Amino acid sequence: MKFSILTLFPDLIYNYCQDSILGRAQNKDLIQVEAHNFRDFTLNKQNHVDDKPYGGGAGMILQVEPIYRTLENMGLVKNGKKIKHPKTKIIIMDPDGKKFDQKMAKQFSKLDNLVLICGRYEGFDERVYKFVDEKVSVGDYVLAGGELPALAITEATARLIPGVLGNIKSLEEETFVEGLIEYPQYTRPENFIGLKVPKILLSGDHKKIGEWRKKNTKK
Ligand SMILES: C[S@@+](CC[C@H](N)C(=O)[O-])C[C@H]1O[C@@H](n2cnc3c(N)ncnc32)[C@H](O)[C@@H]1O
């Protein structure tokens, strides 16, 4: 699966994605992460991507043209219209969008290409939304840019792709799978400055451990 991220800060994307799970998944060719700097698609000499809002107001607005031209270069729009690709979705990072959750990550993980557009400044010229499928938010707070949301969505989605996680069992028992919150987990040492691991987990009795975990799983 390919993650295509439109951003003014490609290094933020590449630096995060080169390590750990996302780095390994790329090395194994299970995913590709590519950043597209829409500043490369401006038509003005100074490579401006933003301008003052019509009608006045605070801050700068991201212009539609560089984002449109980036999507055009990627073969996703033509003649002012989106080109339909059955297993591609274009989402735009927006605090006002649909709240991202595990269910959405699962749906995204079935795509061939997830395109994520990251805003900055005061956000986008409204006409950008004509060329996207969905607005997605990572929560009811405002960040300085869409890169953290795009990375969160990329990681949550990528780890659901078969082969990306070493141990598939960890996905089955995870928080939010079937609406459950995961049971408490412990590892060595058994006693840390008086804070002890529940005895049942040391018993080796898997039936009882299973019952304890079920009882301690929060609904
Ligand atoms: C400073 S914010 C713009 C906020 C905008 N003026 C508003 O009030 O909604 C700049 C960009 O960061 C991204 N962003 C900020 N918070 C976000 C969130 N909670 N979820 C998704 N994207 C977010 C969006 O791409 C947004 O266009």
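1. Residues are numbered from 1 along each chain as its sequence is written. Because the model is predicted, local features need pLDDT of at least 70 and side-chain atom pairs count only at pLDDT 80 or more, while totals for chains, interfaces and linings use all residues.

2. Start with the ligand. Around it are 19 residues, of which Met93, Gly119, Gly123, Gly146 and Pro149 come nearest (a residue is near a molecule if its C-beta atom, placed from the backbone, lies within 6 Å of it). The shell divides into nine nonpolar, six polar and four charged residues (Ala, Val, Leu, Ile, Met, Phe, Trp, Tyr, Cys and Pro count as nonpolar, Asp, Glu, Lys and Arg as charged, and the others, Gly among them, as polar).

3. Strand β7 (residues 88–99) gives the most to this shell, with four residues. Helices (H or I, at least four residues) and strands (E, at least two) are DSSP runs, numbered from the N terminus.

4. Now look at β8 (residues 113–117), where four of the five residues are buried (20 or more other C-beta atoms within 10 Å of a residue's own; exposed means 12 or fewer, and partly exposed is in between, with C-beta atoms placed from the backbone).

5. Strand β8 runs parallel to β1 (residues 2–7), joined by five bridges, and Lys2 stands opposite Asn113. Five bridges also join β7 to β8, again parallel.

6. Finally, Gln102 lies in helix α4 (residues 102–108). Gln102 counts as partly exposed because it has 15 C-beta neighbours inside 10 Å.

Key:
Pairing = 2+ DSSP bridges.
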